[in-house]
Amino acid sequence: MAEQTFDLGQLRALLEVIDTGGFTAAARRSGGLQSTISMKIRRLEAAAGQPLLARLGRTVVPTPAGQDLADHAREMLRINDRAWGSLSSDRLRGRVRLGIPDDYAEGIADTIRAFRLEHPEVMLDISCDFSVHLLEKLKDGRIDLAVVTRMPSVPGGEVIRREPMVWVSAPDFRPDEERALPLSVYPEEVCVLRTSMTQALSAAGIPWRVAYTSMSMTGQTAMVGAGLAVTALTQSILHQARGLIGPATLSVLPPLPDIEIALHRRSGRPTDAARILGDMLSARFLSRVVV
């Protein structure tokens, strides 16, 4: 069998298109030409002998083969960057500004640790905030990368994790059937979990009321654990909060939609440090799907 070798430039072009959702956006982010990106993809598909990308409305998405290759490509490029870095007398330097909701900080800890070990001379600034605020900072150029809960009003970014929402409560929580269901929520307009909860309850004809509003997961966990209200969390966040709260057993509660967690990158040509950290987050952010 003839030896086959991937062109890393073509693999990088494939990831750019997948991450941005289109050839124009990929060219804009990489600082290259759309025609160059298209040519690299055509040559990669010719070598692979099958389509790697497909149109879905106005967005370009990977085919099953394209997604499989993309997963390998991220690791190949990361190893390539590490190898060149080990040969160079000029180690990777610079500064990367990452934004992430506080709820996901534990989920990226291993990735951040690995990045710091591989690139100790890069200054890493991490700020925690609500997803809507992080997207504003990204647009204004105040951060380079943002890991956010995907909002219906701002769909973009690269989905790096998808998991179900679950209703949670104190083990002994028993609602008053004659009163509206008490909810513990984040402030309005900043949390897709709140919107998903209230819309699902209203659609099911279940009356509800906001009993507690908090800006922090600590506050949410404490009040739900005290039996004041119920709320909804993702599976991974529930795992972090186990002890005080657990899955709610109320049969009347309606099903909830899955939550998508997306990686957004600042427009324009990224620094090497920002690109490498973004690729590591994309490849390593826990598992892509949680059930």
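Modeller: Burial is judged by relative accessible area: under 20% is buried, over 50% is exposed, and anything in between is partly exposed (1.4 Å probe, protein chains only). The model is predicted, so local features need pLDDT of at least 70 and side-chain atom pairs count only at pLDDT 80 or more, while totals for chains, interfaces and linings use all residues. Residues are numbered from 1 along each chain as its sequence is written, and side-chain values use heavy atoms, with hydrogens and water left out.

The part I take is helix α6, residues 131-139. Helices (H or I, at least four residues) and strands (E, at least two) are DSSP runs, numbered from the N terminus. The buried residues of α6 are Ser-131, Val-132, Leu-134, Leu-135, Lys-137 and Leu-138. Their cover includes the strands β3 (94-100), β4 (122-128), β5 (145-149) and β11 (258-265), where contact means heavy atoms within 4.5 Å. After α6 comes Gly-141, with a positive phi near 80°.

Lys-137 has a relative accessibility of 18% and therefore counts as buried. Its side chain forms a salt bridge with Asp-129, with 3.3 Å between the closest N and O atoms; the criterion is a side-chain nitrogen of Lys or Arg within 4 Å of a carboxyl oxygen of Asp or Glu. Asp-129 is partly exposed, because its relative accessible area is 24%. The structure holds 18 salt bridges.

Arg-162 pairs with Glu-260, the closest N and O atoms being 3.2 Å apart. This pair links distant parts of the chain, with Arg-162 in strand β6 (residues 158-169) and Glu-260 in strand β11, 98 residues apart. Arg-162, at 31% relative accessibility, is partly exposed, and Glu-260, at 23%, is partly exposed as well.

Next, the aromatic side. The whole structure has one aromatic pair. Rings of Phe, Tyr and Trp (its six-membered ring) pair if their centres lie within 6.5 Å; planes under 30 degrees apart count as stacked, over 60 as edge-to-face and the rest as tilted. The ring centres of Phe-130 and Tyr-186 are 5.5 Å apart and the planes are at 80°, so this pair is edge-to-face. Phe-130 sits in the loop between β4 and α6, and Tyr-186 in the loop between β7 (181-185) and α7, 56 residues apart. Phe-130 is buried at 12% relative accessibility, and Tyr-186 is buried at 7%.
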